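The following account is intended to be read beside the sequence and the coordinates. Please keep both in view while following the description.

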Amino acid sequence: MTQTDPMRMREAVAEYVTALHRSYLAQADTFPPAARGRMPLLTGGPLHVVAIGVRNLHLLATREDLGPLRGQEVQHTGALPGLQWTLRFYDPVVVPALGLVDESAEPQYAEVRHALGLQTTVYHVVAQPGSGLTPHHAGHVGSGLASGHSAAIRDFDTIRSRVRGRESLVDELVGASVAGLPRAQALLARAIAPRDPAVAALAESATPDPDEVRKALLTALGGRRDWTPRPPEPPS
């Protein structure tokens, strides 16, 4: 992170991550226990947060093992009731491949993940140093993540209840969602609802939005309203 005081910058990032997680936990506490236990940040296992300084500041959480510290890598640890994590810091000096990421136009989420060798993420957000890197801002981000994760859980439960015989595909879809694999989600959605044009269009997109994929699939299966299967056609 190209700051005159790297230690102060790392402390600010650590405070931001803690505030994000605290807000996520507070929002999660408003949900039923079973739903809370399925939220991606709370499913258990080691959680590793990565702060990546390129033109933008990327914050990623992953369950993937980052291996032992090497060279100039720096790691902090953090904990709140019900959640523990490590926090590592990377920039083009530590990982030269990051120097090839061009963010002159917009944040490059996939390229940043690729430079770190990460295949899956629990969350991936971009924060701006200064006013954008405050506990207040982090609180909004954490609350939004928790709300989005809980909405996804409810939607996937609804989808699963409507696709008898294809439950295993929905289970794979959930796994792809937790792992942060948008293309896999779009392809699985098409396998679940192969005749829906909106789902098919997202599956053919190079960069499908996971939320749009889930919403399109849910709509194809009847939406969020009360829904019953169409009765069989009468015999001719």
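Pro197 is exposed, because its relative accessible area is 62% (buried means under 20% relative accessible area, exposed over 50% and partly exposed in between, with a 1.4 Å probe and protein chains only). The model is a predicted one, in which local features need pLDDT of at least 70 and side-chain atom pairs count only at pLDDT 80 or more, while totals for chains, interfaces and linings use all residues. Residues are numbered from 1 along each chain as its sequence is written, and side-chain values use heavy atoms, with hydrogens and water left out.

Pro197 belongs to helix α7, residues 197–204; helices (H or I, at least four residues) and strands (E, at least two) are DSSP runs, numbered from the N terminus. Between Pro197 and Asp155 there are 42 residues in sequence and 20 Å in space, C-alpha to C-alpha.

The sheet comes next. Five strands make up an open sheet of mixed pairing, in the order β3-β4-β1-β2-β5; two strands pair if DSSP finds at least two bridges between them. At the edges lie β3 (74–80) and β5 (123–127), each of which pairs on one side only. From one strand to the next, the twist averages 20° (axes are lines fitted to C-alpha atoms, for helices over the stretch in contact, and angles run from 0 to 180 degrees between N-to-C directions). Helix α3 (residues 109–116) packs on this sheet and touches β1 (48–53), β2, β4 (83–90) and β5, its direction making about 60° with that of β2; contact means heavy atoms within 4.5 Å.

Within the sheet, β1 is largely enclosed by the rest of the structure, because six of its six residues are buried. Both of its faces are covered: His48, Val50 and Ile52 are buried on one side, and Val49, Ala51 and Gly53 on the other. Five bridges link β1 to β4 in a parallel arrangement, with Ile52 opposite Tyr90 in β4. Six bridges link β1 to β2, and these strands run antiparallel; Gly53 has Leu57 of β2 as its bridge partner.

A hairpin of three residues connects β1 to β2, and Asn56 lies in the loop between these strands. Asn56 counts as buried because its relative accessibility is 10%. Its side chain forms a polar contact of 2.8 Å with that of Glu103 (a pair of N or O atoms within 3.5 Å; within protein, one must be able to donate a hydrogen and the other to accept it, and residues adjacent in sequence count only if both atoms are side-chain atoms). Leaving aside residues up to four places away in sequence, Asn56 touches Glu103, Glu106, Pro107, Val126 and Gln128.

Strand β2 (residues 57–62) is also joined to β5, by five bridges in an antiparallel arrangement. There, Leu59 stands opposite Val125.
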